[in-house]
Amino acid sequence: MHGPAAPGLLLVALCAATGAYCLLRMRSTVEEQRRSAGGEALMGFGMAAMAVPPAVVAPPRWAWIAYLVVFGAAAVHALFAARARPHHLHHLVGAVAMIYMAATMAVSPGHHGHGGPSGLPLLTGVFLLYFAGYVLWSGARLVPAAAVAGGTHSANWGDRPELARVCRLSMAIGMLAMLLTV
């Protein structure tokens, strides 16, 4: 989450752009797009806020507690949503990963990005494996979707499933980058 300023700012830009696109997807005419877009927008903006390098703005300790509360609520929501729609389990894993990173920073903000590991290596490894697998899986799903689309884009751009997949893929890549610095 925090390291050299330039890569951190690029991660902030990626996550903020993803969050903005997810907000636009909330205007979709497809109900399932609207349902998942709000949680994904929260995740994108939350990741952008957490990725701001301390050289730019050092967050106060209470900010990490606020992240814990916000992503705790998101995890509870995703848990209940996953009961009816199992694909929301990914949102639950993402929210729990954000809780883990915020808790790690709340406990030891000085160690982060300065050479010393501040998270639990086993838990960090599990999250890294999950998100690396998700990146590979969603990337493989994206290639056939783009080939099938073949340049015909009659649907509203906010309703296009391949753009929603790109949104999720970019957030998973961002999550990998953030987890590598925990």
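In this predicted model, H4 and H6 pack at an angle of about 25 degrees, with their axes 11 Å apart. Because angles under 35 degrees count as roughly parallel, H4 and H6 are therefore described as roughly parallel to each other.

**H4 with H6**

- The crossing of H4 and H6 is left-handed.
- On the H4 side the contact is made by Gly94, Ala97, Met98, Tyr100 and Met101, and on the H6 side by Met175, Met178 and Leu179.
- Sorted by class, the residues in the contact of H4 with H6 comprise 7 nonpolar and 1 polar, with no charged residues.

**H3 with H4**

- The crossing of H3 and H4 is, in turn, left-handed.
- From H3, the residues that meet H4 include Arg61, Trp64, Phe71, Gly72 and Leu79, while those of H4 that meet H3 include His91, Met98, Ile99, Met105 and Val107.
- By class, the contact of H3 with H4 has 20 nonpolar residues, 2 polar residues and 1 charged residue.
- Met98 is listed in the contact of H4 with H3, and Met98 is also listed in the contact of H4 with H6.

**H1 with H6**

- H1 passes H6 in a left-handed crossing.
- The contact is made on the H1 side by Leu11, Leu14, Thr18, Tyr21, Cys22 and Arg25, and on the H6 side by residues including Leu163, Cys167, Arg168, Ser170, Gly174 and Met178.
- By class, the contact of H1 with H6 has 10 nonpolar, 3 polar and 2 charged residues.
- Met178 of H6 is named in the contact with H1, and Met178 is likewise named in the contact with H4.

**Thr104 within H4**

- Thr104 lies in helix H4, and because its relative accessibility is 7%, Thr104 counts as buried.
- A polar atom of the Thr104 side chain lies 2.8 Å from the backbone oxygen of Tyr100, and Tyr100 is one of the H4 residues in contact with H6.

How values were computed: Residues numbered from 1 in each chain as written. Predicted model: local features only at pLDDT ≥ 70, side-chain atom pairs only at ≥ 80, totals over all residues. Heavy atoms only, no water. Left-handed = near helix turned anticlockwise from the far one by under 90°. Helix = DSSP H or I, 4+ residues; strand = E, 2+ residues; numbered from the N terminus. Contact = heavy atoms within 4.5 Å. Nonpolar A, V, L, I, M, F, W, Y, C, P; charged D, E, K, R; others polar. Buried < 20%, exposed > 50% of the residue type's maximum accessible area, 1.4 Å probe, protein only. Polar contact = N/O pair within 3.5 Å; in protein donor to acceptor, adjacent residues only side chain to side chain. Axes fitted to C-alpha atoms, helices over the stretch in contact; angles between N-to-C directions. Parallel < 35°, antiparallel > 145°, perpendicular 65-115°, else oblique.
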